[in-house]
Amino acid sequence: MTTEKSTELRQELKAQIIQHLNLEGRTVESIADDMPLFDEGLGLDSIDVLELIVLMDKHYGVRIADPKQGRDVFQSVASMAAHIEANR
Amino acid sequence: MEVEKIPVNMTVTLGAAHILSPLGEGLAASVERMRNGGTALQRTSTAFDTPAVLGMISSELLPQGPQRIQRLIDRCMQPLVRELGNPEFTDRWGCYLATTKGDIAALENGNAPGAALSVIADHVQRTYGFTKRPWVISNACASGTSAIAIAGAAIERGFVDHAVIIGVDVLSRFVLRGFQALHAVSEDPCLPFDAKRNGTSLGEGCAAVVLTKNASIFKDPLGTFVGGGIAHDANHISGPSRTGEGLMRAIQCAMKRSNVNASGIHVINAHGTGTDYNDAMESIAFERCALSEVPLSGYKGWFGHTLGAAGVLESLLALHALNAGLVLRSEGLSELGVPSMVNVLTKDMKIEGDLLLKTSSGFGGCNAAILLRAKKK
Amino acid sequence: MNGLAHTRYRNGHFTVDGKLFAEPTGSPDTDLNNAWSSLGIELPRFPRMDRSSKLVAIGGSAFFIEGGALAGHSKDTIGMVIMGTHGSMDTDLKYQTQLDADNHAGPGMFVYTLPNIAMGEFSIQHGLHGSGLCLLNNALDLAQMREACEILLHEHGMESVICGWSDIFADQATATFMVVTERTLADRNSAELEKIFNDH
């Protein structure tokens, strides 16, 4: 995937995360590519992982069978994008 | 203020218990079924629009169709009322209902108002003539145990002399699909406390029992209520406290209330859903309460997680077994796989003691614990 | 403070101890957000909660701000009794509708489909480990509410109980919360408490 498309994917992901998870007040600009999504960073939790798994499947056709695997994939927007790029 | 001790001149007695669950009908028959058989959980792909392992009440005992939860309650209440000699439920009688979703089928069929949990109270009040408005306690999966704790306390405080407790919930697509979305149900029968556990199994049931300050209303009392407690994890709405905070406090409150310490507890009937986090949390809480050695079982391996019914159903089964000097095994356990030391039974065991600790934990971080004393034969 | 610490929310009209904190705008969701903002409490989680949880947060959080009835109190001995009619029905209906329309069960939505989750969210927000009861009834039943509070105070070791009526469904939202202690229940009769619950 080209760098341009890669950037586009990451921006798209940020917008979807904000919308899908109801992160009111958050802007796409405020989420860095490698910002930790859990705990300190964006403060997401285990239920959010499940929602992101649904998001991956519905929007990108990428399935994650085991939520435990999810924690690695959802470390950051960068890792999410990488997983999509690798598995689409 | 300090948790008060029970007034010495009051004993709260349990009796007139009636249950209907995937094990069948009646307390004695159900305990026999547990002693002589394995799980009543069944694999199905036709009950709902998704394959699942479920604890289902047979359709001979409870046909599918409208008003199923109301009919389920009646199947337990009618024999209960008969056993008591058809009393008039004056204002000295309390009624404490425990349910998580009530008549959820009404919502599924487009009738949202019909699914309000107070509709269950309406049914019970109207059908059985309770003067006092029945309580509907909805503390998630800790509802049933909470209801017993509250009913016992209500009698001790003198608000009522007798209390009818009904724990009930039915299976539904609403709940099953939700639990599946949370990855909280196993594709196989649940394995409480087991190293290979990977989720719970849902079930349904109703358990009704009477508490009273006047044991003479029973021909055959089941035991006594000694004390209870409720406490919150304050951690996460669907994940338990990793340190068992709320459960530990609920147990401690029940113990203080009962004037009992850890060494006085002989048997534990735990919540044991078969999920990774719940069973781990419970083991931590029990160890923190110095209860590691106490024979412990979870019953959900037999009939699944019956939600609002669980606390009442499991308490009654455990108490009935204890009356016969038995602790039944924790069905589904092969190899213990929890972080803290607990004495989970893989075989039925004879036991001398008579004090049972029942615990339940639920979404919202709600935990409840009660102490019941068996009436040994 | 003379009177009983209490808050009232009536479709966007929000008062704390009788003092106006927020006014209705005509949009139920905006009203909830405005009432919350009026308390000046930082809680990133707030927008992510369901409406029932938001209403309980609004109804009960005022007691914990500086000068509030429970500010500085031990978190171990504050009980909760929350009564309502619709429980989680506001979210239940959304969840069922989505299930029917898309055959999709959203995990983030499903976790809110229990009446006591609002109480759970509240306990997390304020670190409350005490006893709590979520009660459902077709109307405010003050006798039942009193008994519940007394049980938590006398049998479960609570020093105070946040008790409230909280009900939200479609475009109707009503909440009345108060802090009661042994003293409160001894000193005030039901008529006085009823007035706080029923007054607009």
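Of the 88 residues in chain A, 30% are buried, a residue being buried if 20 or more other C-beta atoms, placed from the backbone, lie within 10 Å of its own C-beta atom. This is a predicted model, in which local features need pLDDT of at least 70 and side-chain atom pairs count only at pLDDT 80 or more, while totals for chains, interfaces and linings use all residues. Residues are numbered from 1 along each chain as its sequence is written, and chains are lettered from A in the order in which they are written.

Chain A contains four helices and zero strands; helices (H or I, at least four residues) and strands (E, at least two) are DSSP runs, numbered from the N terminus. The order along the sequence is α-α-α-α. The overall dimensions of chain A are tabulated below.

| Property of chain A | Value |
|---|---|
| Radius of gyration, over C-alpha atoms | 12 Å |
| Span of the C-alpha trace along its principal axes | about 30 × 30 × 20 Å |

A compact globule of 88 residues would have a radius of gyration near 12 Å, with which the value for chain A agrees; the globule rule is 2.2 Å times the number of residues to the power 0.38. Among contacts in chain A between residues at least 6 apart in sequence, 53% join residues at least 24 apart, two residues being in contact if their C-beta atoms, placed from the backbone, lie within 7 Å.

Between the other two chains, 45 residues of chain C contact 51 residues of chain B. Helix 5 of chain C gives the most, with six residues.

Because 13 of its 14 residues are buried, helix 10 of chain B is largely enclosed by the rest of the structure. Gly325(B), with a positive phi near 75°, follows this helix.

The largest nonpolar core has 220 residues; such a core is a set of buried Ala, Val, Leu, Ile, Met, Phe, Trp, Tyr and Cys residues joined through C-beta atoms within 7 Å. Helix 10 of chain B supplies the largest share of this core, nine residues. Cys206(B) and Val81(C) are among the residues with the most contacts inside the core.

Conventions: Buried ≥ 20, exposed ≤ 12 C-beta atoms within 10 Å, placed from the backbone.
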